[in-house]
Amino acid sequence: MTILTDIDREHLRRALALAEGGRGRVSPNPLVGAVVVRDGEVIGEGFHAALGELHGERAALEDCRARGEDPRGATLYVTLEPCAHQGRQPPCVEAILAAGIGRVVIASDDPSEKAAGRGPGILRDGGVAIETAAGAEAAAARLLNQPFRKHSRTGLPHVVLKLAMSLDGQTTTAAGDSPWISGERSRELVHRWRGEHDAIAAGVGTVLADDPLLTAREPDARQPRRVVFDSRARLPLDSRLVGSLEQSPLTVVAGPEAPPARVAALREAGVEVFLGDSFDPGEQIGTALAMLGRRGVTSLFLEGGKTLAGAFAAAGQIDESRTFIAPMLLGPPDPQDRSPFVNQRLTSGERTPAVARLEALATTTETVGADTLLTARFKEW
Ligand code: AOF
Ligand code: ZN
């Protein structure tokens, strides 16, 4: 760890901003930005723009050439340690050594097995000065790639929960009322987030009630895989989800209680059915996440369903939440719950639930239209 100058940190922040250019297009790979600076002057900038295309470092070196600049002796600022392996792209360390770069400033480590310090080691052996960031820029670089980092370290996708609620904490509206709680700007943002995740999940209760498509509506967004948690395989064959398989794949996570005929009918229709062998919701979620991770799903966006959200929270499987709070009071959507005297759900003799409290490590709030968006992070990878 070295103490970087304010100028170094400024260039790293520029590299972090550049990395954003690949958001929604690089998964399962990381977002990476890079800046080449010689004698205080930026002579090249680049980022990893899409899966399979140039890595950030090579993109920045290409930019130097395109500008007619020679990177020999320059400093390369990069948001992730340079790679040393041959993958879809050749190793970045070779390009850095060939370009004669004198110093590399790295904002974050690459925890994947093939990397984990190998690239910086090779560069150091090649006579390049290596410096690693600490503090705000290092934290921002890790935050940029939470899905990549978690998936590399655990094989599981990073889980983001989305919720929209009223001021009185209601998450569904009454029959006959508008189905929307959050405003239009918030809903636009949700569509963008769908395109930024590898998969979207909903509980079957929400699917039966709303018949959603769960696709990203933004033009040229990547379509995420849709996942329905449906232990009894109740998803109707005439649902819009099953009817839109040509848009993106659909996975049903079912349990041992699913009737074999229902499972067969869904598979026949082209739905992938994942049959867990446990009745325990936490175990079902754990094995489903592992299965999705093996399919290359690095990020899962949980939408729809307080029940599903509750099951994920109880299982300790939420990494981040994004909660829209809309400026309205809704009252309970179910008329039964409006009477304080006959609340079936509070009868005595029920089991005390296990404590499932998850405390946030950090939170931010912002205004989106008339709504307030509260983002909370529970784990850091
Ligand atoms: C990227 N973009 O800018 C950097 C990456 O096999 P590949 O060629 O797709 O390389 C993927 C790995 O390369 C990735 O997991 C990460 O470890 C490393 N660095 N990857 O896609 C980049 N710098
Ligand atoms: Zn690379």
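Reader: Which hand does the crossing of α3 and α4 have?

Author: The crossing of α3 and α4 is right-handed (the near helix is turned clockwise from the far one by less than a right angle, anticlockwise being left-handed). Before going further, note that this is a predicted model, in which local features need pLDDT of at least 70 and side-chain atom pairs count only at pLDDT 80 or more, while totals for chains, interfaces and linings use all residues. Residues are numbered from 1 along each chain as its sequence is written, and chains are lettered from A and ligands numbered from 1 in the order in which they are written.

Reader: At what angle do α3 and α4 pack, and how far apart are their axes?

Author: Helix α3, residues 92-99, packs against helix α4, residues 118-125, at about 25° with the axes 10 Å apart. Helices here are DSSP runs of H or I with at least four residues, strands are runs of E with at least two, and both are numbered from the N terminus. Axes are lines fitted to C-alpha atoms, for helices over the stretch in contact, and angles run from 0 to 180 degrees between N-to-C directions.

Reader: What about α1 and α5?

Author: Helix α1 (residues 6-19) and helix α5 (residues 135-144) pack at about 10°, with axes 10 Å apart, and that makes them roughly parallel. Arg 9, Leu 12, Arg 13, Leu 16 and Ala 19 of α1 touch Glu 137, Ala 140, Ala 141 and Leu 144 of α5.

Reader: Switching to sheets, what is the strand order in the one with five strands?

Author: The order is β2-β1-β3-β4-β5, in an open sheet with mixed pairing (two strands pair if DSSP finds at least two bridges between them). Its edge strands are β2 (41-47) and β5 (129-132), each of which pairs on one side only. Within the sheet, β1 (residues 33-38) and β3 (residues 75-78) run antiparallel and are joined by four bridges, and Val 35 stands opposite Tyr 77 in β3.

Reader: Which strands does α2 touch there?

Author: Helix α2 (residues 56-66) packs on the sheet and touches β1, β2 and β3, with its direction at about 135° to that of β2.

Reader: OK, what is the strand order in the sheet of nine?

Author: That open sheet, also of mixed pairing, runs β10-β9-β8-β7-β11-β6-β12-β14-β13. The edges are β10 (272-275) and β13 (362-368), each pairing on one side only, and the twist averages 20° from one strand to the next. At one end β13 and β14 (residues 371-377) pair in the antiparallel sense over seven bridges, with Thr 365 opposite Leu 374 in β14. Helix α9 (residues 260-268) lies across β9 (250-254) and β10, at about 145° to β10.

Reader: Last topic, which residues come nearest ligand 1?

Author: Asn 29, Val 32, His 48, His 55 and Gly 87 come nearest, out of 17 residues around ligand 1, a residue being counted if its C-beta atom, placed from the backbone, lies within 6 Å. The shell has seven nonpolar, seven polar and three charged residues.

Reader: And which peptide bond is cis?

Author: The bond from Ser 27 to Pro 28 is cis, with omega near 5°, and Pro 28 lies in the loop between α1 and β1. On the backbone I would also mention Ala 116, which has a positive phi of about 45° although it is not a glycine, and which lies in the loop between β4 (103-106) and α4.

How values were computed: Contact = placed C-beta atoms within 7 Å. Nonpolar A, V, L, I, M, F, W, Y, C, P; charged D, E, K, R; others polar. Parallel < 35°, antiparallel > 145°, perpendicular 65-115°, else oblique.
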